[in-house]
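Please walk me through this model. Start with the strand pairing, then turn to the aromatic side chains.

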Amino acid sequence: MFEQLTDDELFAEVVRRRATGEPIGGPLGTLVQRWNRPARYVISKIQASYGRGSPADSDELFQDAVGKFLDRGLDQFRGISQQMPGRSASPKTFFLRIVKHVAIDFYRRHREELAAPSSDPDDAMEESPSERSRAVEMGRRTEERADAQELYWAAFARLQQEHPKEASAWELYHHEDVEDHEECARRLNITVVNSYKRVSRAQAYLKLYLLDLQRESPRGEEA
Amino acid sequence: MKTDAMSRYAARRSVLTAGSTSPGVVLEAAGDLLRRATRLGTEGVEAALRGLGRPGVETWLQAQKPQALQPVLLRAAEEAMEVALDGGDEAEVWRASALEGLAARDRAASAAFALAAWEALHGSLDGEAARNRDRYLESLGSLDSSLRPRARWFIPLNPQRRQEFELLDSAEQDKAWWFASRAGCDDLVATWTGAPQSPTPHIQGCAECRADIADAAPVDAPPRRHLTQDDLWRFDMGMMSSDERERMDAHTARCGECAQAVLALGEGDDAIEEALEMEEGDGTMARSARSSREPVSQRPSAARHPEHREILEERREFRVVLVRERQRVKLLVQPLAGRTVTAAVFLSPGRPSLKPTSGPEGLAFDLSTASSTGARSAHLTVQAGGETLERDFAF
């Protein structure tokens, strides 16, 4: 019955059913089935942009994009359509945008893991013990780096909470790559001396917050 | 200072003989002297403890809340840091306040010590009072477990902490982490605010300092704030403010990973457009294509990173404009009033000028390649009519 409806009609039906709590599987399924081919084309282009990816990724990314479209996309699409006509164009284009972002996010997050040797399952079966141990070691290091980054940002969040002025200077100087006290001072409307002071104070507090967090973390306790 | 500390503790003896003092104050003063018996002697302590009645001690124990010391010590830690960071007149104020925090923890240790001595004289507490005593001691233990690992915060107070440490009897010294732990690690303070330097003899020999330096290293080379998924979305939808855009451009100019993501956004837009065009020509998808196609001006490319133009120079005969679009950067030299312009852009002295292309807008110098290889500035020469411009510009 949904085959006869246009995309816009189907989309309106999805939105209506969602608002009234009716099942949306029928119209949504038809809609995303129609959008499957262009979505996979977009995914393939993002895969090409990152120089990696597989058909299995493509399935996962498509499903993920459908989930996001459902979770947040419907409301976002409505909001953006109203606030910025032309930005989102049609529901289909909006969905393809979500697909694009889901794919980019996926390949950004999996950059290091995917840089490891072949993802072909047949190849994986033939991995030598040394390759396996290298992969395990790489995984461990990746996890440790992620943990360290997480702790750093947690320490920075504490700095923002407890010493916001120092945090602003640090953010500008280091995270935003300004790395020039005159420019920091100009942007923060403070003296250059104060910029030096704030960055220096931020550094000291960050180190101690980071050390506190490391000693509190499970990995720190293990050590 | 050491004499001051000695005098201060010696003066505690007067508390023992004061008539109307509360049991807690007597216990603290008695413990202060008992824990420093070797240097201060214990004169008057036993008599004072014998004078404390059981009901008074039990009531005091019931009211104890050692966990209240936690915020006191955490505040003392921050104040100790200010001693190191302030460096001005206020440093001494911070120091005094921070030391008072440590003294509060020390008085609790003295009270616990004296309580044991009191029990030795009067017999053990029992029932509810014994349970209160155990809770009190356990709470102090928990407090120490959570705060002892943070002893490095008190390093800026080390000269005073060492004096306090030396006054304690040897059996008490190791227990009093608030005075003892990291009391020799003064050299670590310099590593908190400075760039990494060659380690001092203390740091070379101190495993704790070496571990601290290694573990705090991420702060010396802070990770970049990469563009988040939300940043990319807002950028793609044209929802970023000009400040945000500026920060984003500055970041992507230095961060290959994020620049790649922005590039992928553009490639994704091309892909969406191509996918829509392919469907338009595909009869089986005609229905969906009919309903989904939007005017060309509303296609995804319309939401691309808008071209950003910055006028670097405007003269009567010509205008110089820096044009940015995503990762593409070009410099336009536009003739005005029908003038003919000649221009050259030099990335470094002695190297030939970039080759311009001539178009409807004037001379265009593509700086994208230079930008991707790390170049950030160039020198520009323009001649038009009688005017000559020589200037450096950043891109």
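B:Ala343 has its bridge partner in E7(B): B:Val382. The model is predicted.

Chain B has an open sheet of three strands, ordered E4-E7-E8, with antiparallel pairing. Strand E4 (341-346) and strand E8 (387-394) of chain B are the edges. Each of these edge strands pairs on one side only. From one strand to the next, the twist averages 15°.

Next, the aromatic rings. Over all chains, the structure holds 18 aromatic pairs. Take A:Trp35 and A:Phe69. Their ring centres are 5.7 Å apart and their planes meet at 75°, so the pair counts as edge-to-face; the cut-off for that class is over 60 degrees. A:Trp35 sits in helix H2 (residues 25-50) of chain A, and A:Phe69 in helix H3 (residues 55-83) of chain A, so the pair ties together parts 34 residues apart in sequence. Are these two residues buried or exposed? Both A:Trp35 and A:Phe69 are buried. They also belong to a cluster.

The ring is that of B:Tyr9. B:Arg36 lies over its face, 3.7 Å from the ring centre. B:Arg8 also lies over the face of B:Tyr9, at 5.2 Å from the ring centre.

Definitions and conventions: Residues numbered from 1 in each chain as written. Chains lettered and ligands numbered in written order. Predicted model: local features only at pLDDT ≥ 70, side-chain atom pairs only at ≥ 80, totals over all residues. Heavy atoms only, no water. Pairing = 2+ DSSP bridges. Helix = DSSP H or I, 4+ residues; strand = E, 2+ residues; numbered from the N terminus. Axes fitted to C-alpha atoms, helices over the stretch in contact; angles between N-to-C directions. Phe/Tyr/Trp six-rings, centres within 6.5 Å; stacked < 30°, edge-to-face > 60°. Buried < 20%, exposed > 50% of the residue type's maximum accessible area, 1.4 Å probe, protein only. Lys NZ or Arg CZ within 6 Å of the ring centre and 35° of its normal.
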